[in-house]
Structure formats: C-alpha cells, structure tokens
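Subject: Structure for your review

Dear colleague,

Please find below the structure that I am handing over to you. My notes on what was found follow it.

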Amino acid sequence: MSIQYILEIIGTFAFAISGALAVKDQKHQDWFGASFTAFISSIGGGTLRDILLDSYPLVWISDITIVYAIMAGILVTFVFYKYLLRLRKTLFLFDTFGIALFTIVGTEKALHLGVRPEIAVIMGVFTATMGGVIRDVMTNEIPIIYRKEVYATACFAGACSYLLLDKLGAERNVAFITASLVIIVIRILAVRNGWSVPRFFR
C-alpha cells in the first residue's frame, strides 16, 4: 500500500466529514441528508473526472475502501460533531491537504489515460473541487470557487507544477510531494494574508 494511497484515503475521510458538517444549518438534518452530502463531497470530483475520461469502473466502485472511509467520516461526524465544529482551523488544514492530494492524483490519472497535459490540469482541478461545488449547491451555499478566497487557483498552480516537474524528469514521489506542497502553501498564505484572484469585472 503506497503512501499516496493512504493519504488519498485520509483525504476522502476528511472530505466526508466536511460534507456531513455542511448540513448542520439545514432545516432537515437527517441521516440520509448528511450521508448523501458526505458521499457527494468525497466522490463527486473523482466521479466527474472518470466519466469525462471514460474510465470505468468508477474509482469508488472498484475500491470499497473508499466507501468505508466515507462511512467512517460520517460516523465520526455524528459522534463528535460538537468538537469538530470547534476545530475550524484543523478542518481547513484537512480540506487543504485533501484538495492538494486530489489535484495531483487527478492530474496523474488523466496523464496515464493519455490525454493532453492541458486537459490533465483541468481534470486535476475538477477532481479536487467539484465535489465541494456540488455540496455547496445542495446546501444552498455559494460554491467555494465563486467566493473570494483562493481555492481552485491553488489547485491549478499545483497541477501545472506537477506537469513541469514531470517534464523535467523529476522522480515521481518528489514531483507528487512538491506539487502538493505548492497547493498547500498557496492556500494557507492566501487565507492568512487575505489574497484573492483579481476581479473579472471591474
């Protein structure tokens, strides 16, 4: 079992927690709603990527461990949600870690399926962000990619960094870790310093 796979499972677990917590302010907070939102948050981006790339079976269908990680995240949220709500900074770090990992995993998979590098970058960003976008739409929130904070832009920078390092012949683990760190550092600095992407309409 590779370290990347272990980290991917942890990222899936963290996204499941964020998805389950997203329904806390909804009028109906039943088990089905929380569980469905957790699943969508965790697998939405990867599922969209695999469908667009015609890659079957879908990753969460072929690997039951991913489903178990989501179920564990739902149960942990149910038992410890009051404590988790006090850990906003910790959840932010988990979310940042998750999008960094999923961006590179998505980019790698697209490249292995033979698509152009430009498409691989888009698939990497989709993998990391679309689950959260669908989650926000379902819970009547403004999708995170439309908010002021830097999110998808950090994923884009990380995916491009991975492509560059791969092109330069960097060893896979070095490229994987370095590109992930690019995303993590950009996201943390952006939130800490209030950075945002320039407005399209001035």
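A residue is called buried when its relative accessible area is under 20%, exposed when that value is over 50%, and partly exposed in between. Arg-49 has a relative accessible area of 4%, so this residue counts as buried. Please bear in mind throughout that the model is predicted.

Arg-49 and its surroundings

Arg-49 belongs to helix α2, which spans residues 31–52. Setting aside residues up to four places away in sequence, Arg-49 touches Val-59, Gly-106, Lys-109, Met-123 and Thr-127. Arg-49 also forms a salt bridge with Asp-50, in which the closest N and O atoms are 3.0 Å apart. Asp-50 is buried, as is Arg-49. Arg-49 and Asp-50 are joined with Lys-109 in a network of salt bridges.

Val-59 is found in helix α3 (residues 59–62). With a relative accessibility of 24%, Val-59 is partly exposed. Apart from neighbours within four places in sequence, Val-59 is in contact with Arg-49, Asp-50, Ile-66 and Lys-109. Val-59 and Gly-114 are separated by 55 residues in sequence, and their C-alpha atoms are 18 Å apart in space.

Other salt bridges

Side chains of opposite charge can pair when their charged atoms come close. How many salt bridges does a search of the whole structure find? The search gives seven.

One of the pairs is Glu-108 with Arg-172, where the closest N and O atoms are 2.8 Å apart.

Another pair is Arg-147 with Asp-136, whose side chains meet in a salt bridge with an N to O distance of 3.3 Å. This pair links distant parts of the chain, eleven residues apart, with Arg-147 in the loop between α6 (117–138) and α7 (152–167) and Asp-136 in helix α6. Arg-147 has a relative accessible area of 33% and is partly exposed, while Asp-136 has a relative accessibility of 3% and is buried.

The cavity

The count comes to one cavity of 30 Å³ or more. The volume of the largest cavity is about 30 Å³. Which residues line the largest cavity? They are Ala-14, Ser-18, Leu-91, Phe-94 and Asp-95. The elements that each contribute two or more residues to this lining are α1 (3–21) and α5 (88–112). Helix α5 supplies the largest share, three residues. By class, the lining comprises three nonpolar residues, one polar residue and one charged residue.

Leu-84

Leu-91, one of the residues that line the largest cavity, is also among the contacts of Leu-84. Leu-84 lies in helix α4 (residues 64–85) and is buried, at 10% relative accessibility. Beyond residues up to four places away in sequence, Leu-84 touches Ile-17, Leu-21, Val-76, Thr-77 and Leu-91. Leu-84 and Ala-175 are 91 residues apart in sequence and 33 Å apart in space, C-alpha to C-alpha.

Annotations from UniProt

The following annotations come from an unreviewed UniProt entry. In the model, residues 6–23 are 89% helix and 0% strand, with the end C-alpha atoms 27 Å apart. Residues 60–84 are 96% helix and 0% strand, and their end C-alpha atoms are 26 Å apart.

The UniProt annotation "domain: Glycine transporter", likewise from an unreviewed entry, covers residues 6–81 and 93–166. In the model, the span 93–166 is 77% helix and 0% strand, and its end C-alpha atoms lie 26 Å apart.

With kind regards

How values were computed:
Residues numbered from 1 in each chain as written. Predicted model: local features only at pLDDT ≥ 70, side-chain atom pairs only at ≥ 80, totals over all residues. Heavy atoms only, no water. 1 Å grid on protein atoms, 1.4 Å probe; cavity = no way out; pocket = protein on both sides within 12 Å on 5 of 7 lines; lining within 4 Å. Points joined across faces, edges and corners; volume = space filled by probe spheres on them. Helix = DSSP H or I, 4+ residues; strand = E, 2+ residues; numbered from the N terminus. Nonpolar A, V, L, I, M, F, W, Y, C, P; charged D, E, K, R; others polar. Salt bridge = Lys/Arg side-chain N within 4 Å of Asp/Glu carboxyl O. Buried < 20%, exposed > 50% of the residue type's maximum accessible area, 1.4 Å probe, protein only. UniProt positions renumbered as here; feature names shortened; annotations may be inferred. Contact = heavy atoms within 4.5 Å.
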